Amino acid sequence: EEHPDTLESMNTFAIFLMVDQRKHDEAEFLFRRVLDGTKKELGAEHRITLISKHTLALVLRAQHKYDEAEALCRRTLEGRKEV
């Protein structure tokens with residue numbers, strides 16, 4: 001289990017990898033860890049978890065993994081409607 005502060009740091013680093021370095025594979029790995037951690041620590045429908053889903057979808061889109069990115073975006077949208 002990851003501490004929320006650690007998850008936040010990993011997320012920030014993953015954004016750096018995705019945007020500035022274009023290291024999408026590494027960013028995806030970290031975004032998935034962050035998403036798994038936020039689900040465990042905060043719950044699947046928590047606002048931070050939903051943001052984590054969205055950021056993972058962004059890196060998937062950058063990797064041309066459109067079907068998976070779209071599915072994540074749709075689940076995020078549904079989750080936000082419920083919150």
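## Exercises on a helix pair and a pocket

In this predicted model, α2 passes α3 in a left-handed crossing.

**Exercise 1.** Work out how the directions of α2 and α3 are related, starting from the angle at which their axes cross.

*Solution.* Two packed helices are described by the angle between their axes and the distance between the axes. Here the axes of α2 and α3 come within 9 Å and cross at roughly 160°. Angles over 145 degrees count as roughly antiparallel, and therefore α2 is roughly antiparallel to α3.

**Exercise 2.** Which residues of α2 and α3 meet, and how do they divide by class?

*Solution.* Begin with α2, whose residues in the contact include His24, Phe31, Arg32, Leu35 and Lys39. On the side of α3, the residues they meet include Thr49, Lys53, Leu56, Val59 and Ala62. Sorted by class, the residues of the contact of α2 with α3 comprise 10 nonpolar, 5 polar and 4 charged.

**Exercise 3.** Describe the largest pocket by its volume, its lining and the elements that supply the lining.

*Solution.* The volume of the largest pocket is about 200 Å³. Its lining is made by Pro4, Asp5, Leu7, Glu8, Asn11, Val34, Thr38, Leu42, Ile48, Ile51, Ser52 and Thr55. Two or more of the lining residues come from each of α1 (4-19), α2 (24-42) and α3 (47-62), and α1 gives the most, with 5 residues.

Notes:
Residues numbered from 1 in each chain as written. Predicted model: local features only at pLDDT ≥ 70, side-chain atom pairs only at ≥ 80, totals over all residues. Heavy atoms only, no water. 1 Å grid on protein atoms, 1.4 Å probe; cavity = no way out; pocket = protein on both sides within 12 Å on 5 of 7 lines; lining within 4 Å. Points joined across faces, edges and corners; volume = space filled by probe spheres on them. Helix = DSSP H or I, 4+ residues; strand = E, 2+ residues; numbered from the N terminus. Axes fitted to C-alpha atoms, helices over the stretch in contact; angles between N-to-C directions. Parallel < 35°, antiparallel > 145°, perpendicular 65-115°, else oblique. Left-handed = near helix turned anticlockwise from the far one by under 90°. Contact = heavy atoms within 4.5 Å. Nonpolar A, V, L, I, M, F, W, Y, C, P; charged D, E, K, R; others polar.
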